[in-house]
Amino acid sequence: MTSWGLVTAPMSRPARGRFAPLIAVLSGAALLLPACRTRDASDGQTLTLSVPYEVGRLDPHAHDRAATFAVVSHVYEALVSADANLVLSPALARRWENPDPLTWVFHLRPEARFHSGKPLTAADVVWSIERLRSRPDLEMASYVHDVESVRSLGSGRIEVKTRAPTALLLPKLRFVLVVPEGSDGEGLRLTADGTGPWKLVEFRPGVSVTLARNDAYWGEKPAFASAVLRLGRSSAQAREDFRDGTSRLSQCNVLGLEDEAGARPGATVRKRTSLFLKYLGFDLDASRVPGPGEPANPFLDPRVRKALHLALDRSALVSRLSFSAVPASQLVPPSVFGHDPDLPPALPSLATARRLLAEAGYGAGLAVTLLTRRFLEEPARVAAEVLAPAGFRVSVEVVGDEEFFDRLRGGRAGFYLTRRGCATGDFGQLLESAAHSRDPQRRLGLSQDGRYSNPELDREIELSSRTLDMRERREMLLRLQRRLMEELVFVPVYFDEDVYLLDAGLSWQPRADSYVLAQEIARTDAD
């Protein structure tokens with residue numbers, strides 16, 4: 001069979017030809033099976049983790065949210081996976097090849113089984129991809145919009161054909177978790193039958209997830225016999241969980257944790273700059289915004305968005321936060337392909353901000369309501385203070401994740417603070433899902449919460465995804481980055497630094513995508 005050199009895993013020889021640059025960007029190196037590590041998987045101790053995730057359902061296809069994906073990734077798996085540095089490697093697909101630029105053939109692991117005992121088959125993979133292709137209401141459908149068809153070839157092989165050559169297929173397939181053939185609806189909402197390293201024991205929506213080690217797992221088994229994820233824990237709660245010994249790993253993005261760790265022998269602090277951007281977004285479609293009297297939508301006027309951008313003193317905002325953060329002048333951090341190192345930092349100008357507000361008809365100031373999620377209440381209130389000198393009178397409304405996203409998708413959020421990230425490590429993914437006009441039929445723009453639409457921008461985004469010359473593609477992504485910053489579809493605020501308290505006897509490397517996965521936590525003690 002002729003190989004077009006895009007990706008074959010494991011790779012037996014260096015890639016050559018015009019697709020070779022793509023491999024380097026996708027993996028940072030050759031895509032290899034992860035090295036084995038030795039862990040003590042024999043003891044029965046429970047590992048308890050405190051995490052900020054707000055999760056109300058377990059359907060791995062329903063929501064494109066970091067919290068949901070992190071939780072369900074304990075139970076479900078995809079054809080490919082990524083390590084802590086986002087280097088791709090085989091998962092349920094033990095290898096793959098692409099005989100031409102539009103065709104990919106994946107070879108399944110014959111030893112993989114669902115927790116029910118059913119062997120993994122090609123029909124399960126086909127069902128999982130087709131479920132997303134046929135259900136545009138499922139947010140994870142954006143990860144298969146490039147797929148033209150999928151079918152079983154027999155003998156544990158699946159053929160995926162794409163609509164056009166794409167640089168993003170493998171990084172996207174990482175987010176297509178495989179469910180048993182026929183699984184749908186209520187059967188996926190509160191229960192889970194996956195192939196992953198953990199079995200679901202109990203799910204208490206918004207409270208906790210209890211897991212048991214899958215001793216029949218095809219790969220390396222977790223170090224602990226069971227694990228509990230304590231959900232929706234604020235930094236203060238997570239810190240207290242660690243302090244009283246309830247949790248052995250706590251995510252608590254606050255300053256001064258070194259003293260906390262020092263109070264417990266052997267405990268350490270782990271940090272990593274997050275891929276996730278905290279940003280201000282707008283409804284760019286509605287003529288009016290929620291509020292008393294339903295006032296006219298001020299954010300349809302680009303002068304108002306520019307005024308807000310210039311009024312936002314990011315350095316001052318970050319200095320007032322109780323956790324480490326980095327001011328953001330663009331939509332992705334330096335670790336993401338498509339970051340523009342030459343884009344100048346966003347500097348505040350109160351005088352220009354006031355002038356633009358006055359030109360837009362708000363010389364006496366502008367009163368707006370900022371909707372946000374519980375874990376973002378602090379930065380939302382600090383942002384309101386920072387914006388006040390320019391004439392923005394901001395009231396903050398804080399709600400849980402379910403209500404937040406319901407209102408966002410229902411057009412009942414005129415101005416909001418939330419987060420977004422490129423977990424694939426490629427800016428193109430964010431462009432397709434969050435900047436492209438919403439197009440459910442083609443699974444584009446499914447996370448376009450501001451209802452922004454620009455056909456010319458859409459064409460440029462689609463062309464960038466089809467471009468396989470990575471130098472040319474990088475230039476296209478940089479142009480798109482600058483254009484979005486000029487139009488201020490989103491106003492970037494900061495990237496924060498993930499901070500974790502880790503108990504003695506544990507070994508773990510924080511992930512670039514911020515997911516906390518219990519299967520990646522090793523034991524170094526002999527309890």
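Reply: Ser-514 sits in the loop that runs between β18 (506-507) and β19 (522-523) (helices, H or I of at least four residues, and strands, E of at least two, are DSSP runs numbered from the N terminus). Its phi is positive, about 75°, although the residue is not a glycine. With a relative accessibility of 8%, Ser-514 counts as buried (under 20% relative accessible area with a 1.4 Å probe and protein chains only; over 50% is exposed, and in between is partly exposed). A word on the basis: this is a predicted model, where local features need pLDDT of at least 70 and side-chain atom pairs pLDDT 80 or more, while totals for chains, interfaces and linings use all residues. Residues are numbered from 1 along each chain as its sequence is written, and side-chain values use heavy atoms, without hydrogens or water.

Leu-488 shows a positive phi too, near 55°, and is likewise not a glycine. Leu-488 belongs to the loop between α15 (470-487) and β17 (490-502), and its relative accessible area of 1% makes it buried.

Another loop residue worth a visit is Leu-321, placed between α9 (314-320) and β13 (325-327). Leu-321 is buried at 5% relative accessible area. Beyond its neighbours within four places in sequence, Leu-321 is in contact (heavy atoms within 4.5 Å) with Leu-255, Glu-378, Pro-379, Val-382 and Tyr-494. Ser-250, in turn, is 71 residues from Leu-321 in sequence and 19 Å away in space, C-alpha to C-alpha.

Now to a sheet. Four strands make up an open antiparallel sheet, ordered β4-β5-β7-β6 (strands pair when DSSP finds at least two bridges between them). Its edges are β4 (93-100) and β6 (147-154); each has a single partner, so one side of each has no neighbour in the sheet. Inside the order, β5 (residues 103-108) and β7 (residues 157-162) run antiparallel and share 5 bridges, with Trp-104 opposite Val-160 in β7.

On a 1 Å grid over the protein atoms alone, a cavity is a set of points where a 1.4 Å probe fits but cannot get out; a pocket is an open set with protein on both sides within 12 Å along at least five of seven lines, and lining residues have an atom within 4 Å of a point. The second largest pocket has a volume of about 650 Å³ (the space filled by probe spheres set on points joined across faces, edges and corners). Its lining has 33 residues, and Pro-52, Arg-233, Ser-234, Ser-235 and Phe-375 lie nearest its centre. Two or more lining residues come from each of α2 (66-72), α6 (235-243), β12 (268-282), α11 (377-387) and β17. By class, 13 of them are nonpolar, 8 polar and 12 charged (Ala, Val, Leu, Ile, Met, Phe, Trp, Tyr, Cys and Pro are nonpolar; Asp, Glu, Lys and Arg charged; the others, Gly among them, polar).

There are also 3 cavities of 30 Å³ or more, and the largest cavity holds about 350 Å³. Of its 27 lining residues, Asp-64, Arg-65, Ala-66, Phe-276 and Arg-420 are closest to the centre. At least two lining residues each come from α2, β12, α12 (401-409), β16 (415-421) and α13 (427-435), and the lining of the largest cavity divides into 12 nonpolar, 6 polar and 9 charged residues.
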